[in-house]
Structures are given as C-alpha cells and as structure tokens.
Amino acid sequence: MKTNVGVVFGGRSVENEISVITANQAMAAMDRDKYEITPIYITKEGKWYSGDALLNVANYRNTKKLLSMCEEVYMRPVYGDTNLYRCKKPLFGKAVVTKLDVILPALHGTNCEDGTFQGVMEFCGIPYTGCNTLASANGMDKITMKMILKECGIPVIDYCWFSDKEWNDKQESTIAQVEEKLGYPVIVKPANSGSSVGIRAAHNREEFMEAVDYAISFTTRIIIEKYVQKLKEVNCAVLGNYYECEASVCEVPVRSGEILSYQDKYMNGGGKQSQGMQSTVREIPANLPEASTQFIQKAACDTFRALSCDGVARIDFIIDEATDEIFVNEINTIPGSLSFYLWEYSGYNFGTLVDKLIEIALRRKQEAGFKAVNYGENIFAAGGTGGGAKNGAKMGGKFGK
C-alpha cells in the first residue's frame with residue numbers, strides 16, 4: 001500500500017508564498033508509486049484547504065478562485081486520530097477526506113516553523129518530518145538559538161537583544177547599551193522571522209532607531225548583531241537526527257547589497273516565476289579553503305545536534321574575511337526548497353531527500369513509542385489524598401492574611 005503523505009504549507013506567515021513554492025517542489029519530486037499525496041494549504045487567515053487544484057502553482061495567482069476549487073478541512077487534536085475531515089459534511093457521503101500516515105510540513109516563518117504546527121501534530125500523534133516542537137522553537141528564535149550555541153562552544157557573532165516594551169519604555173538606555181557593547185554599524189533583526197524579512201543595517205543612531213521601529217512591526221523581540229564589514233555568507237545543510245547526521249556541500253549566496261535580501265533569495269529568476277530558494281544566485285560548491293569547508297561542515301552538524309534537530313536543516317554562516325573568523329549566523333529548521341539543491345551534489349535528488357525525511361519521521365515516531373508516558377500510579381486511588389485541597393485551604397487562611 002502507498003504511504004499517504006499530507007504535505008502542509010502556506011500558513012499565517014509573511015513567508016506564505018515561499019512555503020507554497022517549497023511544497024509544490026517537494027510534491028512534484030515525490031514518487032507517486034510509493035506515496036499518495038494529500039496537499040493541505042493553510043491560508044493567511046488560518047483556514048485549512050485540500051484539493052488537487054493546490055498542486056498547480058499558477059493557481060495561486062487568484063487565491064479566491066483557487067480556494068473555490070478546494071474544500072475546507074481540519075484535523076482533530078485527539079491522539080491517534082490521523083484523519084483529515086471535511087468542515088462541511090455532505091448530505092450523502094463521509095466526513096473523512098482521507099487517513100494520513102505522515103505529515104511533511106513545508107511551512108516557513110512564524111506561526112508555522114516555530115514549533116506551533118509541530119505541537120499540533122504531537123497532539124494528534126501523527127509522525128511528521130523535520131524538527132520537533134522544542135528544536136523548531138529554539139531554532140526559529142535567534143536569541144535563544146545563540147544562547148544555546150554559545151553555551152555549547154559554537155561560535156556566534158556578538159549580539160544583544162531587547163523587547164518591544166523595553167524599546168518603548170527605556171529607549172535611551174537601550175540605545176546606550178547597544179552603542180556600548182557593539183557600536184555602529186549593526187544589523188537589526190526580528191528575533192523570530194525568516195527569509196530576511198524585517199532586517200536592516202544601521203550605521204548610526206538615526207538609522208538604528210528607524211531599523212528597530214521597522215523590526216518591531218514584525219515581532220516582540222529584537223536582536224542586534226555586530227556588523228561584519230568584510231562579510232562572506234556561507235550556507236551548509238544537514239540531514240539526519242540529533243545523534244547521527246551528515247553535512248552537505250557548502251554554498252555562497254550572492255547578495256546585491258549589505259545583506260542577503262528577500263529579493264536576492266526569491267526574486268532573481270530573471271523575470272520568471274520564482275522558484276523559491278532555487279532562484280538565488282549562488283556559488284556552489286563554495287570556493288573555500290578545505291580547512292574552512294571542514295570547519296563549517298562540522299559546526300553545522302554540531303549546531304544541528306545541539307538544538308536536537310531532525311530531518312533537514314540549513315545552517316547559515318558568516319565569515320569575517322578581515323580576520324578569517326567563522327560564525328554561525330542562524331539555522332533554518334525548514335529551509336526554503338528543503339535545500340534540495342545542496343544535496344544534489346551529495347548524490348541525493350529531491351525525491352531521494354523526501355524519502356529520507358519520511359524515513360526519519362517514521363523512525364522517530366517508532367522510537368517515541370518505547371518511552372513511558374504513564375507513570376502507572378493513580379494517586380486518586382491510593383487513598384489519603386483528599387486532604388490536599390483542605391490542607392491547601394488551611395495554608396491559604398494562615399498565610400493569606
């Protein structure tokens with residue numbers, strides 16, 4: 001029997017459109033002799049739809065018309081129920097659209113890649129590809145990610161961070177902190193966005209304030225990083241799980257300005273329809289000294305393991321060409337186009353990459369089944385526990401005066 005794969009994409013994210021491209025690339029590469037494919041699109045409003053019309057990227061030019069050709073669906077957050085249901089049950093027919101065997105999230109950005117969706121899948125008890133809830137959340141948030149990596153001895157660039165509330169209430173002291181620790185120029189980023197959304201360089205106080213105001217429009221936490229003047233960006237993907245993984249070849253994406261922008265990543269197709277991260281102009285394999293390549297590949301795997309990742313992720317690095325220092329910049333736990341273009345040089349085409357992701361997901365689900373979720377004791381049947389609330393009330397009376 002074929003494995004029924006629910007490919008989930010879209011979402012309440014500024015990266016909704018990029019997710020559509022990643023999903024359609026993955027679905028086009030999947031072996032139809034092995035897999036039954038169920039596309040599931042989440043709109044920017046958070047509604048779920050399924051239907052064959054979702055398989056054609058050209059249909060997304062008119063979203064309203066596209067959704068009229070699909071049916072609204074949902075999953076129940078009940079452990080063990082892996083069915084996809086129709087929101088509107090037909091007068092004659094079943095409420096169940098299909099039973100899913102595994103989920104392939106092709107989601108990017110906030111509310112999607114940050115552990116939110118992964119938590120829903122854990123509730124349902126359905127295996128899914130990629131990082132689990134914890135790894136997704138830590139990987140998406142650039143602040144906690146850097147804290148973890150720094151603790152593990154993995155090099156990250158100097159940074160500081162603050163919240164939108166701190167910016168509003170303590171702007172002068174916040175600016176002073178950044179100027180004292182980092183100086184100008186700096187890079188201002190939303191802590192939990194991807195695809196270079198909300199990122200700006202700032203060379204003085206005025207530009208810094210404008211950049212922060214812009215970043216705050218996307219998130220509640222802001223990270224400020226020291227600006228590397230003589231910068232080279234290098235990316236490396238990792239495939240596997242938290243105890244066994246391998247690194248891909250490295251690439252150098254070509255940027256048009258001070259930072260690798262959204263346009264650099266997705267809009268360099270020469271006027272043609274975007275192919276997602278495949279549209280990026282890049283040097284691949286990267287022309288780097290062998291020692292640098294080996295350092296990056298090892299650091300990529302170390303990062304992957306430190307964050308307890310699974311599936312495929314892309315780790316982005318910064319090389320300071322003035323000092324030859326190499327830093328981990330960030331991790332993408334669901335990278336654009338699933339970084340298939342990096343794995344082609346390792347002998348894995350996109351279809352093989354998807355096979356490996358599904359294999360890893362099913363193995364993780366199987367291994368999780370050996371872990372205890374029930375301590376085996378019923379404290380209510382043990383007797384003598386009824387006084388807890390009573391005793392609590394007495395304590396409240398004693399200490400609550």
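**Entry 1. The chain as a whole**

What percentage of the contacts in the protein chain with a separation of 6 or more comes from residues 24 or more positions apart? I found that such residues account for 65% of these contacts, a contact being heavy atoms within 4.5 Å.

I noted that this is a predicted model, in which local features need pLDDT of at least 70 and side-chain atom pairs count only at pLDDT 80 or more, while totals for chains, interfaces and linings use all residues. Residues are numbered from 1 along each chain as its sequence is written, and side-chain values use heavy atoms, with hydrogens and water left out.

I looked up the confidence next, given as pLDDT (the predictor's confidence in each residue, from 0 to 100). The protein chain has a mean pLDDT of 90, and 88% of its residues reach 70 or more. Over residues 392-401 pLDDT stays under 50, and the model has two contacts beyond four places in sequence for them. Where pLDDT is low, the predicted coordinates should not be read in detail.

I recorded 13 helices and 16 strands in the protein chain; helices (H or I, at least four residues) and strands (E, at least two) are DSSP runs, numbered from the N terminus. Of the 401 residues, 51% are buried. Buried means under 20% relative accessible area, exposed over 50%, and partly exposed in between (1.4 Å probe, protein chains only). The protein chain exposes about 19,600 Å², of which carbon and sulfur atoms supply 51%; accessible areas come from the Shrake-Rupley method with a 1.4 Å probe, and for residues only the protein chains shown count as cover.

Which residues of helix H3 (residues 116-124) are buried? I listed Phe117, Gln118, Gly119, Met121 and Cys124. Their cover includes strand S1 (3-10), S3, strand S7 (102-105) and helix H4 (133-140). Gly125 follows H3 and has a positive phi, near 75°.

I then turned to Thr43, which sits in the loop between strand S2 (35-42) and strand S3 (48-50). Thr43 is buried, at a relative accessible area of 4%. Leaving out residues up to four places away in sequence, Thr43 touches Gly11, Arg12, Asn16, Tyr49 and Leu67.

**Entry 2. Cysteines**

How many disulfides does the structure hold? I found zero, a disulfide being a pair of cysteine sulfur atoms within 2.5 Å. For Cys131 the closest cysteine sulfur is in Cys309, 3.7 Å away, which is too far for a bond. Cys131 is buried with a relative accessible area of 2%, and Cys309 is buried with 0%.

**Entry 3. Backbone points**

Most residues other than glycine have a negative phi, and most peptide bonds are trans. I therefore noted the following departures from that rule.

- The peptide bond from Tyr184 to Pro185 is cis, with omega near 0°; Pro185 is in the loop between helix H7 (171-181) and strand S9 (186-190).
- Ile284 and Pro285 are also joined by a cis peptide bond, with omega about -10°; Pro285 lies in the loop between strand S14 (282-283) and helix H10 (290-306).
- Leu338 has a positive phi, near 55°, and lies in the loop between strand S16 (325-332) and helix H11 (340-343). Leu338 is buried at 2% relative accessible area.
- Ser339 has a positive phi of about 55° and is buried at 0%.

**Entry 4. Salt bridges**

I counted 16 salt bridges, each a side-chain nitrogen of Lys or Arg within 4 Å of a carboxyl oxygen of Asp or Glu.

Glu172 pairs with Arg205, the closest N and O atoms being 3.8 Å apart. Glu172 lies in helix H7 and Arg205 in helix H8, so the pair ties together parts that are 33 residues apart in sequence. Glu172 is exposed at 55% relative accessibility, whereas Arg205 is partly exposed at 36%.

Are Asp310 and Arg364 buried or exposed? Both are buried, and their side chains meet in a salt bridge (3.2 Å, N to O). Asp310 is in the loop between H10 and strand S15 (311-320) and Arg364 in helix H12 (residues 350-368), 54 residues apart. Arg314 and Asp316 form a salt bridge at 2.8 Å, N to O, and both are buried. Salt bridges that share partners join Lys146, Lys189 and Glu225 into one network.
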